[in-house]
Amino acid sequence: MSDTTAPDLPNPLPRPPGELEELERVWRRPRGIRRLTEVNNSQIGLYYIGTAVMFFLFAGVLALLMRAQLALPENALVDHDLYNQLFTMHGTVMMFLFAVPAVEAMGVLLLPSMVAARDLPFPRLSAYAFWAYFIGGTIFLVSLFLDVAPRAGWFMYPPLSSAEYTPDVSSDFWLLGIGFIEISAIAGAIEIIVGVLRTRAPGMSLDKMPVFAWVMLVFAGMIVFAFPAMIAGTALLELERAFDWPFFIAERGGDPLLWQHLFWFFGHPEVYIIFLPAAGFLSMIVPTLARRPLIGYRAIVLAVIGTGFLSFGLWVHHMFTTGLPAISMSFFSAASMAVAIPSGIQIFAWIATIAAGRMQLTTPALFVLGFLFIFTIGGLSGVMVAMVPFDWQAHDTYFIVAHLHYVLIGGMVFPLFAAIYYWVPMISRRRLSERIGKVVAVLLFLGVNLAFFPMHVSGLMGMPRRVYTYPDGLGWEVTNLLSTIGAFVIAAGVALFLFDLARNLRLSTTRNAGNVWDAGTLEWLPTGTYQTRSIPIVTSRDPLWDQPNLAADVEAGRYYLPGTATGRRETIVTSSVDARPQYVLTLPGPGWTPFFSAAFTAAAFMLLTVKAVIPAILCGAIAIGGIIAWMWRADIGPRAPVDIGGGLRLPVNITGRNAHATAGTVVLILCAGTLFGCLLFAYFFLWTVNADWPPAGAGAPSPSWAAIAAVLLLAASLAWRAGRGVLTSHDQPRPRLMFRLLVLGAAAAATAAVVADGVSLWQAGLRPADSAYGAILYAITAYQAFLTGALIIMAGIVFARSLAGRIGGPWRLSFEVTALFGHYVVVQGLVALAVTRLFPGVAS
Amino acid sequence: MTVARRLVSTGVAASLLLAAGCDRDAAPQTRIVADGDPGHGRQLIAEVACGVCHIIPGVRGAAGTVGPSLAGFAERNLIAGVLPNTPSELARWVRDAPSLVPETAMPPMPLSEDEAVNVAAYLLTLR
Amino acid sequence: MTAVPASRRAAAALPFLFAGLIVWAVRFLAVYGFTAIACVNGWSGAVPVVIVAASVVAIAVNGVVIAAGLRRNGSEAGRFLGLIAAAVAALSIIAIVFETLPAFLVDACAA
Amino acid sequence: MSPPISSRCARAAAVVGAAAALAACDGPQAALDPAGPDAEAISTIAWVMFGGAAIVFIVVLVAVAWALRARRAREGRGLIIAGGVVFPLVVLTALLVFGLTVSSRINAEPDDALTIRVTGKQWWWQVDYLDAGEPVLTTANDIVVPVGAPVRFVLTTDDVIHSFWVPSLGGKLDMIPGRINETVLQADVAGAYRGQCAEFCGDQHALMAFTVAATDDFAAWLAAQQRPAAEPVTDLEARGAALFLENGCGACHTIRGTDADGTIGPDLTHVGGRPTIAAGTLPNNQGTLAGWIADAQAIKPGARMPSFDRLAGPELRALAAYLASLE
């Protein structure tokens with residue numbers, strides 16, 4: 001049939017015998033206990049979303065306990081200490097263990113099939129990120145049952161969360177646990193960015209990319225720039241708690257507001273980090289349900305990019321009551337208004353799409369309508385709280401609780417439910433029940449409005465947030481009782497949803513329910529463990545609608561790479577804008593290193609919480625060992641070019657600027673640079689709050705040490721360059737002694753530079769615990785030392801690979817990546833020296 | 001108590017609470033016929049905060065343990081183990097306990113005579 | 001369809017796409033930082049002037065971005081990127097105008 | 001255990017969309033029941049925004065309803081530009097200009113105003129009336145201000161971040177270690193307004209309230225408060241005064257005119273005249289004073305006030321009587 005309709009497809013029929021069997025063998029899933037070794041993103045994505053839903057249920061139960069306590073004034077169901085743990089855990093778990101991981105999970109689960117890649121480029125990184133999240137998150141939950149759960153609020157404001165006012169380990173649990181889970185989110189983000197940009201099916205140029213891929217690209221980019229602020233903040237607060245470095249202690253030159261800036265520089269984009277992917281679900285679901293291509297694709301892409309950026313200009317609108325200058329606040333007020341425009345564009349694009357088609361009121365459609373209703377209210381109350389004087393009344397009251405739940409439930413939970421009902425047929429032999437699903441949607445809709453709308457009133461009646469009890473007679477009784485009833489209606493809806501899952505979810509990606517919605521995008525192609533049998537050429541945004549035989553041809557193996565060309569797991573890497581095939585990337589198969597590295601990384605962080613330093617260091621060493629083992633096998637080197645069909649021969653595993661690992665390293669460097677930028681921000685912020693900078697009596701580090709450090713850094717950079725020269729000019733498999741010396745020399749110079757820097761601080765008599773000035777200088781140096789440590793490990797691997805003959809000529813990706821990172825360390829070191837040594841003189 | 005046990009018991013209590021509904025207006029029927037308005041009495045008890053020292057059924061937040069629990073007060077024969085538990089004695093007692101029993105820790109409370117009668121009326125509904 | 005090496009232009013495509021908002025961000029940080037420092041040092045008179053000047057420069061640069069975006073041709077994807085880049089810059093101009101309004105309406109350093 | 005403040009929930013409900021009723025209720029702590037110029041201005045902004053939001057919400061709902069019924073509508077692009085760009089742009093610009101204009105009015109600073117320094121502490125408020133920066137009266141939790149005159153509040157903290165908030169008079173402002181924040185509030189109507197800490201500050205954040213009473217007779221009140229504590233009159237009060245010192249209460253509390261000069265807890269020189277004790281937690285009478293002394297840790301667990309559970313009944317009563325006499 002397809003022979004006549006599409007004669008110019010790359011691969012002829014019939015396919016050679018054994019080709020499909022070979023593909024299946026390569027992508028076969030491990031069984032039994034070896035499931036833990038799975039690295040395939042579509043499988044990891046399932047684990048991921050399942051875990052996120054589990055955390056959602058847990059945090060939901062905590063909310064029910066709180067609502068039961070607040071049902072009546074002066075209730076004694078829950079005491080103050082448990083209540084404070086409940087709301088801290090509810091917020092933390094919902095934000096960090098449910099919302100971000102859930103949307104990241106949907107990305108990892110859906111993206112490979114949506115862009116018709118066999119897998120995203122760093123499967124082991126995803127597996128590591130998942131296990132780190134799963135293990136770290138579970139231990140974090142357990143803290144509640146041991147009565148050591150954090151209780152200073154999900155925002156952890158010092159000084160309440162600092163050593164003086166929370167001397168027990170509960171804050172450490174939060175700082176180390178959440179800081180660690182952030183790292184896992186960043187790992188996922190790297191995977192998503194490189195995956196979206198480089199593993200799209202041939203022909204899927206940026207203008208034909210599904211909106212969901214756009215939002216995940218922006219989502220991941222936002223994580224790269226927002227989460228380092230959080231990591232910087234948690235690191236500084238943990239340093240203060242553990243070693244008394246006074247970043248936030250006012251008497252010693254610190255400032256509690258520094259935390260608030262760092263926290264909200266992360267925390268505000270966080271809301272959009274959660275919302276954008278959910279909006280992406282809608283941009284996929286609405287056209288299918290309306291049976292019309294998305295109206296305003298370009299407008300939505302614009303809106304997504306705009307939201308992604310503008311959301312970074314809003315962080316101070318969580319700080320309107322801290323006494324900042326009026327004009328600073330009004331910038332953020334104005335920025336908050338500006339960010340409403342892209343959201344308006346998206347909402348009207350969906351409405352226009354609905355109008356252009358004929359939407360059946362299926363379960364996902366009900367959730368979409370619920371979203372439009374709830375999220376619009378949340379957006380409108382958001383504009384209200386962006387108004388500075390109004391926020392002075394509304395801030396930290398139940399009005400905000402109402403607003404944020406309208407935004408997050410409307411903007412994320414409803415789209416997620418829509419997405420689950422919509423995409424379950426892709427991962428399950430049976431779809432979920434339409435009948436039950438509609439009841440779930442109605443219950444959630446009624447429950448959410450009943451629970452949260454009255455909270456607007458409670459707040460305006462003067463009820464503050466985070467109170468475990470309230471007196472009779474302030475007019476808060478009725479609204480609170482309504483809210484509690486609403487919360488239990490929501491719980492009933494969620495329980496019914498779980499019942500539906502239990503009855504109808506039969507996980508299977510290979511024999512799934514299929515394209516039940518008659519959708520137009522590639523995730524609905526027939527799939528196996530290897531995703532699609534062959535990788536299609538994409539010519540439009542809704543290929544399944546526009547290319548009628550696509551599914552059959554793909555399944556028959558008529559498109560690219562119908563089998564395995566290298567005998568390994570592999571996918572096609574394409575150019576980032578036009579999606580032209582560039583090379584075939586071999587992908588790792590199942591292995592224990594991600595699981596064990598993640599488990600021991602989690603163990604190291606959690607042991608640090610309880611101050612078990614030696615076991616923590618041991619676990620950390622094992623984790624690093626695991627990662628080294630993983631890196632050792634990551635770069636298998638180029639192979640002979642292979643034919644992927646249609647006479648197209650592609651190189652296998654290239655090196656240099658176009659390599660996927662280079663792209664991943666660039667993203668990692670952006671992350672590292674943002675974290676460094678946050679430390680510099682902290683430096684300048686502390687400067688503005690301290691009249692004396694450096695404080696009277698603080699020694700000045702000798703300029704000669706700094707000069708030595710700078711020269712060493714420059715030498716390191718030159719050595720990386722020279723090393724590359726040696727490696728490329730002698731195209732032979734075993735590079736010479738010179739190369740090894742240069743690698744060792746570069747690492748040693750970078751190390752010596754940071755040591756010289758630290759020594760100069762110490763010699764000048766500066767101590768980190770003396771003042772915020774000393775603390776921030778040592779923090780910047782410590783961060784430089786941390787990156788240098790990572791560089792030493794990477795250089796060590798390159799050195800060892802050179803000894804083992806696993807590097808040379810075109811086989812040098814591990815060196816390229818190390819050298820790129822090495823150059824970054826040099827640049828950062830030079831900037832740090834310039835700021836910390838030259839600025840105090842300029843300022844005074 | 002460990003948090004785990006507290007969570008479980010709180011959860012159970014929460015579901016009972018929701019099953020039982022709000023008990024605010026479910027004051028028990030009185031056996032002793034006393035003058036006065038028990039409803040106003042209960043309101044006064046909340047306003048002067050007798051609950052700081054006493055457990056008083058039907059009054060929210062009244063969980064104090066400084067003095068004796070007033071649960072089942074109508075069934076008691078004696079006030080403070082000394083005075084007969086009659087409406088008039090009780091009304092005098094809640095207004096000015098030390099004048100009746102000098103060794104008591106209970107201070108005089110800011111209630112008028114009529115108010116004290118109402119408070120007594122409420123306490124005598126507690127069985 | 002043939003294998004091609006990605007050009008330098010492809011690497012520059014994403015930064016160009018975001019150029020308008022990068023201009024917005026630079027202006028935002030510059031103005032916010034300047035205001036914070038100015039209010040500490042009592043230079044409140046300079047604040048509105050600096051805000052307006054920064055906005056004018058940023059809007060002008062974004063005008064250039066819009067022109068470049070609309071002029072961009074080549075592949076379908078290239079024209080698409082140009083159009084989006086121009087729209088992004090236009091959105092940035094709206095945001096910049098919004099964030100300039102306070103300079104006319106609010107006392108610079110009042111608490 | 002609530003302060004004797006009644007509430008009335010009177011004002012008519014404004015229906016927002018088809019969803020539910022947004023009832024604006026009067027109350028001792030209600031933001032939309034203004035008793036001063038700041039709260040009044042904010043209340044105006046609020047009502048304008050509620051009205052605007054209701055209109056926008058209805059527009060969106062109507063658009064959705066139309067979209068569901070429409071078949072193959074071709075207005076797509078125009079709808080996005082009109083609904084998604086032009087409409088919000090106009091509304092938001094108007095709102096921004098309106099808001100910034102109104103807020104610059106709120107920010108206006110009076111030249112001369114009574115200055116009160118309020119220091120947040122876990123979990124109560126120290127109140128110092130200042131004259132030329134120096135305290136002329138120290139009290140706690142229950143603030144008295146003149147009617148119809150601006151009052152400058154200088155806000156600081158002794159420990160963690162708190163937030164000072166009297167909804168009927170105006171917006172909140174945080175108390176942040178190492179910083180001094182100032183706000184000006186004014187009560188136009190005599191009466192008592194309840195305030196509460198708005199920034200989570202630890203265990204008993206929920207029980208950190210206070211009152212602001214606006215009086216016509218402020219000068220007399222201030223003069224009376226500046227006098228040292230009343231001498232005990234009855235034997236019971238005298239016994240209470242002696243017990244106060246014997247039990248070491250003076251290590252934390254000050255009673256001017258006696259040897260008690262502690263500064264850890266609230267100044268009790270005129271505690272008998274205050275409407276509440278334990279930071280707005282309890283009404284003030286001999287019963288609650290006795291109960292608080294005997295079992296503070298049960299009423300407000302974690303507070304720095306210990307439970308004095310070794311006192312005999314008459315001793316407790318004497319202490320309560322003495323404190324109640326300090327009007």
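Analyst: Domain bounds here come from an automatic or database domain assignment. On that basis, chain A splits into domain 1 (44-504), domain 2 (518-652) and domain 3 (661-843). The model is predicted. The part to look at is the meeting of domains 1 and 2 of chain A, with a cavity between them.

Start with the two domains. Their C-alpha centres are 28 Å apart. Domain 1 of chain A puts 50 residues into the contact, and domain 2 of chain A puts in 56.

Now the cavity. The structure has 9 cavities of 30 Å³ or more. Why does it count as lying between the domains? Both domain 1 (44-504) and domain 2 (518-652) of chain A give residues to its lining, so the cavity sits between them.

Going up in residue number, the lining includes Arg29(A), Ser42(A), Leu109(A) and Ser113(A). Met426(A) and Ile427(A) line it too. So do Thr509(A) and Asn512(A). Glu523(A), Thr527(A), Gly528(A) and Gln531(A) are also part of the lining. By class, the lining has 3 nonpolar, 7 polar and 2 charged residues. Two helices of chain A, α4 (80-114) and α14 (398-427), each supply at least two of the lining residues.

Buried means under 20% relative accessible area. Phe180(A) has 2%, so it is buried. What does Phe180(A) touch, beyond its neighbours within four places in sequence? Its contacts are Ala132(A), Gly136(A), Ala598(A), Thr601(A), Ala602(A) and Phe605(A). Phe180(A) and Thr601(A) are 421 residues apart along the chain, yet their C-alpha atoms are separated by 8.7 Å.

Met156(A) lies in the loop between α5 (123-145) and α6 (170-198) of chain A. This residue is not a glycine, but its phi is positive, at about 50°. Its relative accessibility is 0%, so Met156(A) counts as buried. Compare Ala80(B), which also has a positive phi without being a glycine, at about 55°. That alanine is in the loop between β1 (78-79) and β2 (83-84) of chain B. Its relative accessible area is 52%, so Ala80(B) is exposed.

Two cis peptide bonds also deserve a look. One runs from Leu13(A) to Pro14(A), with omega near -10°. Pro14(A) is in the loop between α1 (2-5) and α2 (19-26) of chain A. The other runs from Gln122(D) to Trp123(D), with omega near -5°. Trp123(D) is in the loop between β3 (114-121) and β4 (124-131) of chain D.

Now step out to the other chains. There are 5 pairs of chains that touch, and chains A and D make the most contacts among them. Thr321(A) shows that pairing at one residue. This threonine is in the loop between α9 (297-310) and α10 (326-338) of chain A. With 0% relative accessibility, Thr321(A) counts as buried. Chains B and C, by contrast, do not touch, and their nearest C-alpha atoms are 40 Å apart.

Of its 111 residues, 41% count as buried. Among its contacts with a separation of 6 or more, 72% join residues 24 or more positions apart. Chain C exposes about 5,000 Å², and carbon and sulfur atoms supply 72% of that area.

Methods. Residues are numbered from 1 along each chain as its sequence is written. Chains are lettered from A and ligands numbered from 1 in the order in which they are written. This is a predicted model: local features need pLDDT of at least 70, side-chain atom pairs count only at pLDDT 80 or more; totals for chains, interfaces and linings use all residues. Side-chain values use heavy atoms; hydrogens and water are left out. On a 1 Å grid over the protein atoms alone, a cavity is a set of points where a 1.4 Å probe fits but cannot get out, and a pocket is an open set with protein on both sides within 12 Å along at least five of seven lines; lining residues have an atom within 4 Å of a point. Grid points are joined across faces, edges and corners, and a volume is the space filled by probe spheres set on the points. Helices (H or I, at least four residues) and strands (E, at least two) are DSSP runs, numbered from the N terminus. Ala, Val, Leu, Ile, Met, Phe, Trp, Tyr, Cys and Pro count as nonpolar, Asp, Glu, Lys and Arg as charged, and the others, Gly among them, as polar. Buried means under 20% relative accessible area, exposed over 50%, partly exposed in between (1.4 Å probe, protein chains only). Contact means heavy atoms within 4.5 Å. Accessible areas come from the Shrake-Rupley method with a 1.4 Å probe; for residues, only the protein chains shown count as cover.
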